[in-house]
Amino acid sequence: MSLLAGLGAGTQPHAAPKAQARSGRHWWLVGPAVVYLVVFFVLPVGVLLATSLYTPVPGGDLGEYTPALQWQNYSSSLDRFWRQLVRSLGFAAVATLATLAIGFPMAYAIAVRARHRKMLQGLLLVLVIAPFFTSFILRTVAWRNIFADSGPVVHALHWWNMLPAGEHLNATPFAVVCGLVYSFLPFMVLPIYANLERLDPLMLEAGADLYASPFATFRKVTFPLSMPGVVAGTLLVFIPASGDYVNSSLLGNSVNTATVGQVIDARFTKLLDYPTAASLSAMLMAVILVLVITYVRRSGTEELL
């Protein structure tokens with residue numbers, strides 16, 4: 001026993017340097033990512049928060065501000081633009097629900113129904129990803145032509161008496177939501193597809209063997225197992241849609257479709273009101289963070305955080 005103890009004690013000093021060397025290699029691997037996050041995320045967010053507290057220079061020109069702790073910028077911005085903030089979150093929520101309603105059947109058809117037809121499955125995936133090969137602005141502008149008063153969509157709705165005479169589709173909340181759904185639909189389809197692709201077909205067959213109806217199998221087996229993909233897809237859609245201003249600018253108007261993204265863009269680029277733009281951006285980030293954490297915890301997928 002003493003000999004074994006002596007041998008064990010003799011090997012311990014050599015094990016510690018090896019562990020330290022491995023730890024050092026880990027830091028070399030993680031270091032670039034940490035530096036990247038600090039430079040391109042932490043510092044910009046810090047500058048944004050500092051800018052949100054700036055105050056105008058007394059007697060200075062437009063766009064001249066000095067560092068301060070002007071906390072009133074937040075209350076003033078919220079009091080003036082709370083409607084645009086709520087509208088942005090509402091548009092994003094409706095677009096997220098619509099993309100889920102459209103995207104889940106698409107992902108299910110590609111992952112489950114076309115599982116054994118690889119050529120068809122690949123073709124469907126290409127059709128989902130194909131819009132990414134076209135400019136985002138060009139795709140949004142195309143919806144203006146689709147919803148034009150002289151277009152077939154408006155004519156068909158007038159003919160079916162689904163759109164009153166003199167009403168338009170362009171420059172409406174409906175057009176903005178349609179643009180958001182089309183723009184972010186692939187972000188919903190792909191995560192759900194990736195989750196359903198890994199689903200064991202024997203799980204579905206077991207439901208049928210236990211005399212469960214197709215709907216019961218979907219409700220009790222397929223949908224619960226696809227929740228990680230659903231949560232990931234809804235986050236990938238809701239977060240960028242909340243701050244999107246391209247669709248509301250090109251497909252909406254300045255009265256009842258203006259979003260907080262439009263306000264931030266105008267305040268920053270045209271009016272040079274940097275504190276207001278920064279405070280609105282900070283509030284939007286905070287609201288989205290709270291909503292996302294609440295949603296993920298209630299859905300039981302905390303591992304996604």
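Predicted model: local features only at pLDDT ≥ 70, side-chain atom pairs only at ≥ 80, totals over all residues.
Good morning. Along the principal axes, the C-alpha atoms occupy a box of roughly 95 × 75 × 35 Å.

Let me turn to secondary structure. The protein chain contains twelve helices and two strands.

Next, contacts and burial. If we take contacts between residues at least 6 apart in sequence, 70% of them join residues at least 24 apart. Of the 305 residues in the protein chain, 35% are buried.

As for the surface, the protein chain exposes about 18,500 Å², and 70% of that area is supplied by carbon and sulfur atoms. Charged side chains number 19 positive and 14 negative, with 8 Å between the centres of the two sets.

Where does S281 lie? S281 is placed in helix α12, which spans residues 274-299. Is S281 buried or exposed? Its relative accessibility is 16%, and the cut-off for burial is under 20%; S281 therefore counts as buried. Which residues does S281 contact, once its neighbours within four places in sequence are left aside? The contacts of S281 are then with L48 and I264.

Thank you.

Note on methods:
Residues numbered from 1 in each chain as written. Heavy atoms only, no water. Helix = DSSP H or I, 4+ residues; strand = E, 2+ residues; numbered from the N terminus. Buried < 20%, exposed > 50% of the residue type's maximum accessible area, 1.4 Å probe, protein only. Contact = heavy atoms within 4.5 Å. Areas by Shrake-Rupley, 256 points an atom, 1.4 Å probe, with all protein chains shown as cover. Lys, Arg positive; Asp, Glu negative; His and termini not counted. Charge placed at Lys NZ, Arg CZ, Asp CG, Glu CD.
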